[in-house]
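User: Hi! I am new to reading protein models. Could you walk me through this one with some questions and answers?

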Amino acid sequence: MSILTAPENYELINTCNKCGFCQANCSVYKEVLNEAYATRGRLRLIKAVADGQLERTPLYEKIINSCLMCEECSKNCPSGVQGHLLIQLARQDLVMKKGLSLIKKIPIGTVLPNNRLRKLSFNSARLLKKIIDPLPSLQSYRGIDLKSIPIADEDFLSGYQPEEVGLGKKGSLKIGFFVGCLMNHTMPQVAKSIVRLLAAHDCEVVVPAEQRCCGTPAYTYGHSAISEEVALSNINLFNSLGVDKIVTGCASCGKMLKYYSRIFEKNAEIEEAANDFAGRVLDLSQLLIDVLKIDLQKFALPLKGKITYHDPCHLVRGQDISSQPRQIISGVFGEQFVEMPTANKCCGAAGMFQGFYPEEATAITNKKVASIQKSGADYVVTGCPACLLRIQGSLRLNNMPQKVVHLAQLLDPDSAANIV
Amino acid sequence: MTLAAHQLSKLVSIVGAGNATLTKEELLVYEYDATLLKGDPEIILFPKTTEQISKIMAFACQEGIPVNTRGAGTNLSGGTIPDQGGIVLALTKMNKILELDLANHVVVVEPGVINQDLQEYLAPLGYYFPPDPASMKACTLGGNVAECSGGPRCLKYGVTRDYVLGLEVVLSSGEVVILGGKNPVNPEPLDLVRLMVGSEGTLGIFTKLFLRIKRFSHAKETMLCTFDSVKEASQAVSSIISQGIVPTTLEMMDNLLINCAEDFTHIGLDRTAGALLLIEVDGHQEELADQVAVIQRVCRQNNSREFKVAQSTAETDRLWVARRTVIGAVARKRPSYSLQDVTVPRSKLPEIVEKIVNLSMEYDLPIGVLAHAGDGNLHPLVLFDERIEAEVEKVHLVEEKICESALMLGGTISGEHGIGLLKRPFLANEFSPEAIFLKKQLKLAFDPKNILNPDKIVEVG
């Protein structure tokens with residue numbers, strides 16, 4: 001018995017009719033060209049484990065864990081099989097039966113959910129970077145450009161002073177700002193841009209310092225106890241603030257926050273609060289276009305050259321958001337905006353995937369880099385800190401000059417001046 | 001067949017450890033294709049060169065090991081099922097486009113190139129490869145040649161056979177031959193290229209394909225027309241063709257499939273329509289307007305409900321996604337499907353559809369009807385749950401009845417999906433004992449030890 005054999009789950013595992021169309025969209029399959037890594041193959045193995053035909057072997061674990069969770073298969077499956085959810089289920093099953101490996105357990109289970117430990121870890125990493133950054137041999141590790149991962153001296157939440165950005169005043173819309181770990185520690189300047197931008201558009205911005213990790217890493221690797229715990233504390237925190245909307249500039253956080261309602265859909269006590277919370281979550285681009293309907297004409301920013309846009313998986317597929325960011329860029333920059341080919345393919349970061357499967361991740365990212373080159377763009381805009389760091393790092397490793405910026409920076413005069 | 005350890009290690013040594021696998025996990029995912037059938041592979045090899053395949057075949061021939069060649073495994077007749085064990089030869093890593101000769105309209109590719117990847121490579125140059133099976137985004141060109149794949153465009157432009165100029169083939173002995181080529185003799189006496197196309201991996205392994213490509217037509221128009229019943233839609237099909245118009249495409253879906261397609265694509269198909277026709281014509285802009293007018297008139301004469309001409313490329317693309325994904329989309333209704341590929345003379349289309357509707361009621365199984373209606377090729381999809389044994393038995397009876405009906409109406413049991421294992425039991429209904437004897441002799445002439453996709457199409461073992 002396992003969660004895989006629970007009737008509602010087992011039924012889902014059996015919905016694949018093996019047409020094989022998922023091979024067309026899976027970035028990992030395209031690299032390895034081995035059926036085991038196509039969704040059809042992965043589901044076959046999950047079914048084999050559910051049926052007791054296969055043990056939870058190390059190779060099985062590798063096959064299940066080497067999924068980007070980019071949701072391409074789920075969006076493109078004619079039968080509507082939700083491949084990424086079934087793989088998440090299989091990961092949950094693995095955690096229940098075998099536990100997480102230490103290398104995942106420490107960051108996912110211990111550090112990220114704990115605000116103090118997380119801060120301590122990022123600070124230690126910053127000190128470590130001071131030592132290794134000058135060493136030529138450690139410029140990149142497993143295809144990850146360590147050098148272009150900036151760790152802020154002071155994270156955004158610790159140093160947040162409402163007065164600094166001209167805040168503290170009332171606005172007609174009260175916004176709870178969910179910062180997200182990566183933005184908080186590696187790009188506080190983007191978080192500041194978001195606050196300034198919202199304040200400039202008649203919003204009262206509330207930034208609770210006690211906000212915790214959104215739960216994406218724990219959820220993604222099947223550690224549902226942790227993701228539920230942080231979700232619940234975020235729900236309680238933001239629901240107590242009386243905000244109209246909860247806004248984030250991180251694609252993965254936004255997707256997860258909206259998903260809180262699904263996490264608790266069978267829990268009568270929390271369900272209502274979770275729905276209340278999730279119903280108010282918006283990506284920054286949604287807020288700007290759909291709610292605030294900001295006047296794009298009034299932005300006169302000094303950016304020269306072509307600008308392209310990369311769709312984060314967790315925006316374009318995770319939240320069905322692709323037009324709002326484009327409306328913003330083309331609205332402000334007109335014909336400077338150019339599309340890159342396959343803008344909506346995964347960039348290869350995929351959380352810890354890039355560290356665990358460097359060969360596949362690098363190949364996938366290099367395709368993104370080639371797309372950027374083809375577009376002729378000077379700037380790449382995106383709405384996800386993880387994509388931003390991954391793409392910026394790989395551009396640098398490929399000796400390409402393009403700059404990757406967050407959508408919010410484009411609209412913030414102070415920030416835009418800095419990136420030119 | 002159970003391979004011995006020394007046989008396995010010899011095979012691994014030919015392709016290298018990184019391109020061979022023996023793990024239980026990976027054997028499990030090469031046991032199936034897009035049908036319900038399963039086999040029992042013993043080793044999966046991912047060769048990268050003709051030379052490696054030649055060595056594999058020489059060894060397999062010497063030892064009598066079955067070799068099941070496979071591309072993307074999207075085929076619908078069990079052609080890639082390793083039902084006698086042995087080797088699965090997965091050609092997915094031989095995926096290079098080798099040469100493009102635009103002056104002669106030829107492209108040379110390895111067998112593992114995905115059909116869609118070739119289309120995307122050719123499109124910016126103004127060219128395309130006409131065969132367009134519904135699985136084109138996933139399936140390989142080697143598989144297209146082995147199955148002689150068709151697709152919606154075949155009504156006007158012909159099937160894969162019409163686009164293969166030559167092949168490099170590894171024979172069962174391991175010898176490498178080149179048949180035809182970039183500029184083949186035409187017509188070749190005892191045409192070996194044509195013999196190879198559609199041989200389903202039973203005569204040789206294609207390692208290089210010399211394919212003919214076409215320039216895009218100047219313009220095209222895509223139309224969508226709905227009817228109250230499949231019968232009226234089928235009559236419209238006959239009428240359109242009898243007007244002397246040859247559309248590139250004349251596709252039909254019944255109500256069940258319209259609903260499946262709409263569930264997946266949400267493009268606003270009319271869920272209450274009994275049938276729809278997707279019609280495309282191409283050519284010079286000036287002649288197209290006339291053709292569209294004639295088609296619209298003919299449809300109206302056959303009681304069409306709505307007639308719509310796509311107004312943008314995006315609209316056309318959406319209609320095509322609906323058509324290409326509908327086979328997969330039926331799993332929304334029931335988890336399993338059995339797909340037939342019968343073809344009847346176009347004039348008999350209404351009759352066979354009526355028979356299928358009656359079978360659906362008689363056996364109480366939902367059957368969706370999808371048809372390349374222009375050439376009388378039908379894909380009835382019988383929907384069921386493979387875990388319910390009684391249903392599976394009924395499905396087999398229905399499959400048999402559908403094939404019988406097609407043959408009775410002067411048709412064939414396989415339009416484009418091949419025979420493989422799935423249609424093999426029905427072969428004797430279609431071909432005379434003499435013809436089947438000749439097919440067996442042909443197979444043995446190329447593969448005397450019966451190791452290449454053994455006993456697919458015809459049983460010789």
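Analyst: Let us start with a pair of helices: helix α13 (residues 224-239) of chain A packs against helix α15 (residues 268-278) of chain A at an angle of about 65°, with their axes 10 Å apart. Helices (H or I, at least four residues) and strands (E, at least two) are DSSP runs, numbered from the N terminus. Axes are lines fitted to C-alpha atoms, for helices over the stretch in contact, and angles run from 0 to 180 degrees between N-to-C directions. This is a predicted model, where local features need pLDDT of at least 70 and side-chain atom pairs count only at pLDDT 80 or more, while totals for chains, interfaces and linings use all residues. Residues are numbered from 1 along each chain as its sequence is written, and chains are lettered from A and ligands numbered from 1 in the order in which they are written.

User: How are α13(A) and α15(A) oriented to each other?

Analyst: Their packing angle is about 65°. Angles under 35 degrees count as roughly parallel, over 145 as roughly antiparallel, 65 to 115 as roughly perpendicular and the rest as oblique. The two helices, α13(A) and α15(A), are therefore roughly perpendicular.

User: Which residues of α15(A) does α13(A) meet?

Analyst: Contact means that the C-beta atoms of two residues, placed from the backbone, lie within 7 Å. From α13(A) come A:Leu232, A:Ile235, A:Phe238 and A:Asn239, and they meet A:Ile270, A:Ala273, A:Ala274, A:Asp276 and A:Phe277.

User: What is the strand order in the open sheet of chain A?

Analyst: Two strands pair if DSSP finds at least two bridges between them. Four bridges join β3 (residues 173-178) of chain A to β4(A), and these strands run parallel. The edge strands, each pairing on one side only, are β4 (203-206) and β6 (281-283) of chain A. The four strands, with parallel pairing, have the order β4-β3-β5-β6.

User: Which residue in β4(A) is the bridge partner of A:Gly176?

Analyst: A:Gly176 has its bridge partner in β4(A). That partner is A:Val206.

User: How many residues of chain A are in contact with chain B?

Analyst: Chain B brings 28 residues to this contact. Elements giving two or more of them are α2 (24-28), α11 (313-329) and β16 (336-339) of chain B. On the chain A side, the number is 26 residues.

User: How far apart are the centres of domain 1 and domain 3 of chain B?

Analyst: Chain B is divided into domain 1 (5-90), domain 2 (97-215) and domain 3 (334-447), with bounds from an automatic or database domain assignment. Domains 1 and 3 of chain B each give ten residues to their contact. Taken over C-alpha atoms, their centres are separated by 28 Å.
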